[in-house]
Amino acid sequence: MTTMTTAALAGSIWGAAHDADARRPRSVQTQLGASDTICQRRAGYILAGTERNNPYADKRAAILGTYIHRGLLEDARREYGWLVERVVANDLLRGHIDAVHLDAEAAARVPKRHRPLVPADVLTVEDVKTKSARIWDRVVRFGPTAAEMRQVLLYALLLREVGFADIPGQRYLHRLGPLNVQRIRFRFVCRDTGEEHVQEFPFDLWLAEQARWWVERVLEAETPEELRRDHDGPGLSKVCDNCPFITACWPEVAPGDAAQTALVHDDDDRAAALAAYVKAHERFRAADSEKKRLRKMLDASPEGDYGANHLGWSGGNDRDETDVPAMVALFEDADLVVPMVPDAEAMVKVLRRAGLVVPVRRAATRASRSIKVSVARKAA
Ligand code: SF4
């Protein structure tokens with residue numbers, strides 16, 4: 001891991017960005033935000049006011065995401081009249097909703113100058129998420145993570161039960177009272193290409209109650225340590241690698257040992273880990289042989305969209321190989337000693353040293369080809 005502290009970045013523009021980020025309310029708050037529901041243990045640390053200490057966190061991608069997010073929402077507010085970054089809260093939770101699209105009934109109850117240009121057909125809570133190109137295919141294919149879904153459901157629930165928070169700057173919204181949220185929307189934006197992908201779901205009260213239950217379990221815990229670690233730990237999870245509570249969460253282990261070794265205390269733990277390992281290996285073996293069979297089945301298929309997926313290939317080009325018989329002839333012509341058993345590598349070195357061109361010929365087999373499966377372009 002590379003140390004990414006401000007001091008280590010002396011002279012870099014990122015020093016300023018890291019310092020500003022450290023002062024943002026989210027980096028210092030001890031009240032649970034709906035967006036903190038990514039890990040039970042982490043939510044517990046926030047509530048307990050545990051010191052944030054992660055000298056290895058690399059927040060650059062997240063900070064870029066914040067800049068893009070803020071710029072997009074501000075322009076949507078100015079150009080489309082979107083209602084952005086509004087606060088919702090109850091005794092347990094607080095959060096900033098990226099955008100709320102009022103329906104005609106609610107829009108008619110706000111002062112004229114605050115009305116949306118076009119009211120929504122149903123009242124919608126929207127969350128804008130920036131994502132990297134590395135995981136874009138997964139985002140388009142599978143949509144929000146469980147934690148992202150939980151966050152937006154909690155926003156919607158707060159709006160349905162309390163309405164907008166009673167704070168300066170949005171009192172006219174607070175006066176609307178509880179609102180009939182009918183839909184939640186995720187707007188994913190790729191940080192690298194600008195591509196946009198929107199997914200909508202009808203508001204589901206049962207799922208929202210599950211999200212509330214999750215928060216209540218966190219609030220009930222007497223110490224953060226009682227709460228589950230929802231991610232696999234340093235080196236295995238980016239969420240943990242960049243978590244401000246990594247030091248509190250993962251006890252120190254002997255130098256060179258993986259942080260996860262701290263989860264094994266005795267032979268019972270070893271037996272349980274081994275049994276789970278055997279089961280995981282069996283699932284992996286079955287999935288791997290199925291993948292190999294399917295890969296062979298597709299070997300002769302041309303690139304293109306098939307159903308929901310796009311098939312692509314990389315590699316598989318003709319390749320050249322050293323022409324050993326031609327090298328032997330060249331050695332003889334140049335009065336060089338041909339080894340008793342031709343050693344292609346050594347002969348190449350001799351020819352290069354002698355300033356002669358190494359003869360090559362087209363190989364009978366092609367370079368290996370890799371399959372590339374992505375979301376079908378039509379579907380994306
Ligand atoms: S280090 Fe990982 S498991 Fe621990 S609190 Fe942070 S996110 Fe959760």
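A residue is called buried when its relative accessible area is under 20%, and the legends below use the word in that sense for a model that is predicted.

**Figure 1. Helix α3 and the residues that it buries.** In helix α3, the buried residues are Q40, R41, R42, A43, G44, Y45 and I46. Because seven of the nine residues of α3 are buried, the helix is largely enclosed by the rest of the structure. The cover over these buried residues includes three further helices, namely α9 (205–220), α10 (238–241) and α11 (246–249). Just after α3 comes G49, a residue that takes a positive phi of about 70°.

Figure 2. Q40 lies in helix α3, which spans residues 40–48. Is Q40 buried or exposed? Its relative accessibility is 7%, and the cut-off for a buried residue is under 20%, so Q40 counts as buried. When residues up to four places away in sequence are not counted, Q40 touches W214, R217, V218, L227, R228 and D230.

**Figure 3. Strand β4, covered on both faces.** In a regular strand the side chains alternate between the two faces of the sheet. Strand β4 has R183, R185, R187 and V189 on one side and I184, F186, F188 and C190 on the other, and all of these residues are buried, which leaves both faces covered. Eight of the eight residues of β4 (residues 183–190) are therefore buried, and the strand is largely enclosed by the rest of the structure.

**Figure 4. The partners of β4.** Strand β3, made of residues 124–131, runs parallel to β4 and is joined to it by eight bridges. In this pairing, V125 stands opposite I184 of β4. With strand β5 (residues 196–202), in contrast, β4 pairs in the antiparallel sense, over seven bridges, and here V189 stands opposite E196 of β5. The hairpin of β4 and β5 has five residues between the strands, and within this hairpin G194 takes a positive phi near 85°.

**Figure 5. The largest nonpolar core.** In soluble globular proteins, nonpolar side chains tend to be buried together. The largest nonpolar core of this model has 55 residues, and those with the most contacts inside it are V100, L102, V125, L159, F164 and I184. Which helix gives the most to this core? Helix α7 (residues 146–161) does, with nine residues.

**Figure 6. The whole chain, as a setting for the close-ups.** The protein chain contains 14 helices and ten strands, and its domain assignment gives domain 1 (7–248), domain 2 (264–297) and domain 3 (320–364). The centres of domain 2 and domain 3, taken over C-alpha atoms, are separated by 47 Å. For the chain as a whole, the radius of gyration is 29 Å, whereas a compact globule of 380 residues would have one near 21 Å. Along the principal axes, the C-alpha atoms fill a box of roughly 100 × 55 × 50 Å. Among contacts with a separation of 6 or more, residues 24 or more positions apart account for 65%.

Definitions and conventions
Residues are numbered from 1 along each chain as its sequence is written. This is a predicted model: local features need pLDDT of at least 70, side-chain atom pairs count only at pLDDT 80 or more; totals for chains, interfaces and linings use all residues. Side-chain values use heavy atoms; hydrogens and water are left out. Buried means under 20% relative accessible area, exposed over 50%, partly exposed in between (1.4 Å probe, protein chains only). Helices (H or I, at least four residues) and strands (E, at least two) are DSSP runs, numbered from the N terminus. Two strands pair if DSSP finds at least two bridges between them. Contact means heavy atoms within 4.5 Å. A nonpolar core is a set of buried Ala, Val, Leu, Ile, Met, Phe, Trp, Tyr and Cys residues joined through side-chain atoms within 4.5 Å. Domain bounds come from an automatic or database domain assignment. The radius of gyration is taken over C-alpha atoms; the globule rule is 2.2 Å times the number of residues to the power 0.38.
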